[in-house]
2 protein chains.
Amino acid sequence: MRGARRFCPTSADKGPMAEATIRDVAMRAQLSVATVSRALNGFENVSGEARARIAAAVKDLGYVPHAGARSLSLSRNNALGVVLPDLHGEFFSEFVRGMDREASRNGYLLLLSNFHGRGDQAANVLRAMRGRVDGLIVMAPHLAADELAASLPKGLPSVLINTREGPDHHPAIHLDNATGVRAVVDHLADLGRKRLVHIAGPAGNFDAQERAAAFRQAVAARKLIGKIVHGDFEVQSGEAAIATLLSQGTRFDAIFAANDNMAIGAMQALRDAGLTIPGDVAVAGFDDIPLARHLGLTTVRVRIAELGERAVARLLDSLSREERTGDERHEPELVTRSTTVADRNTK
Amino acid sequence: MRGARRFCPTSADKGPMAEATIRDVAMRAQLSVATVSRALNGFENVSGEARARIAAAVKDLGYVPHAGARSLSLSRNNALGVVLPDLHGEFFSEFVRGMDREASRNGYLLLLSNFHGRGDQAANVLRAMRGRVDGLIVMAPHLAADELAASLPKGLPSVLINTREGPDHHPAIHLDNATGVRAVVDHLADLGRKRLVHIAGPAGNFDAQERAAAFRQAVAARKLIGKIVHGDFEVQSGEAAIATLLSQGTRFDAIFAANDNMAIGAMQALRDAGLTIPGDVAVAGFDDIPLARHLGLTTVRVRIAELGERAVARLLDSLSREERTGDERHEPELVTRSTTVADRNTK
DNA sequence: ACTGCTGATGTAACCGGTTACACTAATGCG
DNA sequence: CGCATTAGTGTAACCGGTTACATCAGCAGT
């Protein structure tokens with residue numbers, strides 16, 4: 001590959017459609033590349049006349065700077081890598097929206113990638129980012145701490161979201177799952193609910209584990225009857241969980257799903273079974289995806305987009321100053337709506 | 001910026017923490033950079049012994065190739081630019097998921113960006129992609145054809161999704177809105193519904209316009225009473241539309257929202273008003289976001305993720321062969337569920 | 001022994017920007 | 001008028017890879 005002919009120092013003739021480079025602009029404006037570069041980057045020490053000639057040449061040639069080349073020489077990419085697990089639904093879009101907002105506000109682009117497989121796959125994905133991005137935002141609630149630590153490129157500043165604490169401390173943002181869970185359980189208990197079922201997330205997931213553990217504790221603290229069934233954060237598994245509970249004849253008067261998706265599935269299944277919400281069963285979720293408000297779902301507000309913004313802001317911060325101190329906590333809050341409180345119309 | 005000292009040809013001493021380069025590896029393995037490069041890229045003509053020494057050096061130094069430099073010399077980025085309007089909710093996540101799947105299957109990453117503002121902003125966003133990506137996927141249902149054409153970098157292969165036809169034909173994928181709309185209207189008519197209300201999308205949006213126009217035609221063809229009210233593709237606007245209709249005393253027996261989000265809002269508002277679905281009012285949407293299935297919403301299945309995959313596949317195609325022929329159509333299909341057909345349990 | 005070939009390796013010119021340093025001309029000042 | 005300063009510009013060495021071409025050793029064929 002690499003262009004056609006190699007020994008054409010002045011590049012008087014490029015292929016017919018070759019993209020214009022800064023040297024082409026310099027030639028057309030009868031100036032040196034240095035002056036062109038300075039003019040384009042808004043330096044002061046360029047005469048007005050030179051500026052004008054350059055502007056004309058840029059326009060004539062339809063010149064657009066080559067960001068890759070610029071990155072190489074500046075050692076600065078103006079891009080951030082975002083590596084996420086296989087997120088679904090509104091959580092994903094809200095999170096990305098938040099990151100994009102903060103990133104583009106600061107002139108950065110987002111390079112997106114998913115952990116598709118496990119272990120070594122993760123390392124590859126992260127390696128592929130080296131030399132394209134200035135920093136990394138990693139959400140890996142499914143990876144073990146050491147697995148993740150081994151995969152993270154050493155030279156790249158990284159912000160970790162909701163990952164297990166590793167020995168080497170990267171800056172991280174942790175969602176305070178326990179506080180959110182406690183608020184929900186207290187709320188349900190205050191309403192007089194006695195038999196709570198928690199639909200948990202996938203077994204290997206860090207957030208799911210924290211939420212389930214917090215549920216166990218909170219239920220014990222309030223002397224309630226608690227049961228945990230397993231889901232996978234998808235709507236479908238919320239429906240399935242209810243179906244199982246009903247077929248087993250389990251008694252319960254409140255469902256607390258580990259995320260809103262499963263809560264929505266549960267609501268649907270409960271209604272299909274002829275049960276009323278919150279009359280027969282109160283339902284609560286976690287995340288507060290935008291839809292939750294419209295469905296009247298009581299849930300734990302995570303302010304997902306804000307979480308994304310914070311992650312980016314944090315990363316940009318550690319890019320400028322050398323300061324890369326410890327963890328931050330992201331505090332969620334309870335939002336009560338009509339799936340637990342019938343009268344109140346918080347919608 | 002640019003590293004500390006400039007005249008240190010052999011780079012015997014870099015800064016303490018500088019990232020290892022291929023030259024460092026070469027030095028440590030007592031070989032030339034050419035051999036190292038060949039070995040790392042899996043060429044055949046490298047002796048087993050050299051290979052071993054290189055592998056050792058790579059490991060010792062924790063060397064990771066610099067993708068940016070590689071891109072520059074290969075004129076190939078292994079990244080695709082994705083520029084979207086301000087999408088919300090599940091449409092966004094499904095679409096991105098589809099693109100990511102196909103991209104990563106082929107070893108490409110996605111560089112994400114939003115049209116935040118209008119006009120010239122769009123041009124800037126697209127320019128910023130030059131030199132970082134090998135091609136562009138652009139969804140701009142809110143831009144005029146010439147506006148978009150003017151902003152697209154000339155040298156970058158681009159695939160357009162649901163944009164107005166420009167004079168210069170880029171490869172494009174068009175969602176067949178009219179077919180989908182007709183299917184819904186026919187379905188509602190077949191069910192005996194007479195007074196249809198279409199909740200349209202934002203005025204400047206191409207898809208919204210096509211759907212509204214198709215609605216008008218289909219309603220006329222079936223000799224129904226049709227009315228169009230305006231929304232903005234958000235859940236909230238679906239709720240608002242119903243509120244307005246009810247307060248005006250408008251009579252209707254079917255709601256057809258221009259997307260699922262608004263349909264969900266409408267369902268919520270109808271239920272809050274004590275109306276039954278589909279008893280009093282049938283409801284249909286457009287998109288078939290994953291949630292629609294769980295809510296039993298009759299809608300037009302767009303196979304959003306597949307649309308994303310197709311876009312990427314199409315783009316990769318036009319990168320390899322020179323072939324970049326005309327448009328493709330993406331055909332949607334009607335999915336009937338319980339918001340229009342009570343008995344049938346398609347859930 | 002000489003030529004022709006093959007396989008492994010090295011040298012250095014790229015990719016397209018940025019910028020340290022050198023240089024020239026014009027200006028300021030004693 | 002002479003010298004220091006400054007404003008504007010040019011040259012070429014980077015950034016970290018890839019690879020065309022040159023080189024050189026080893027071996028087969030005659």
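User: What rotation superposes chain A on chain B?

Analyst: This is a predicted model, in which local features need pLDDT of at least 70 and side-chain atom pairs count only at pLDDT 80 or more, while totals for chains, interfaces and linings use all residues. Residues are numbered from 1 along each chain as its sequence is written, and chains are lettered from A and ligands numbered from 1 in the order in which they are written. Copies are superposed by least squares on the C-alpha atoms of residues with pLDDT of at least 70 in both. With an RMSD of 0.1 Å and 0.0 Å of shift along the axis, chain A is brought onto chain B by a rotation of 180°.

User: As by what kind of axis are the two copies related, and which C-alpha in chain A is nearest the axis?

Analyst: The two copies are thus related as by a two-fold rotation axis. In chain A, the C-alpha nearest that axis lies 2.2 Å from it and belongs to A:L111.

User: Which residue is the bridge partner of A:L111 in β2(B)?

Analyst: Strands are DSSP runs of E with at least two residues, numbered from the N terminus, and two strands pair if DSSP finds at least two bridges between them. β2(A) and β2(B), the latter being residues 109–114 of chain B, pair in the antiparallel sense over three bridges. In β2(B), the bridge partner of A:L111 is B:L111.

User: How many residues does the contact take from each chain?

Analyst: Two residues are in contact if their C-beta atoms, placed from the backbone, lie within 7 Å. The copies meet through the same surface, because 100% of the interface residues of chain A are also interface residues in chain B. The contact takes 46 residues from chain A and, from chain B, 46 residues.

Conventions. Helices (H or I, at least four residues) and strands (E, at least two) are DSSP runs, numbered from the N terminus.
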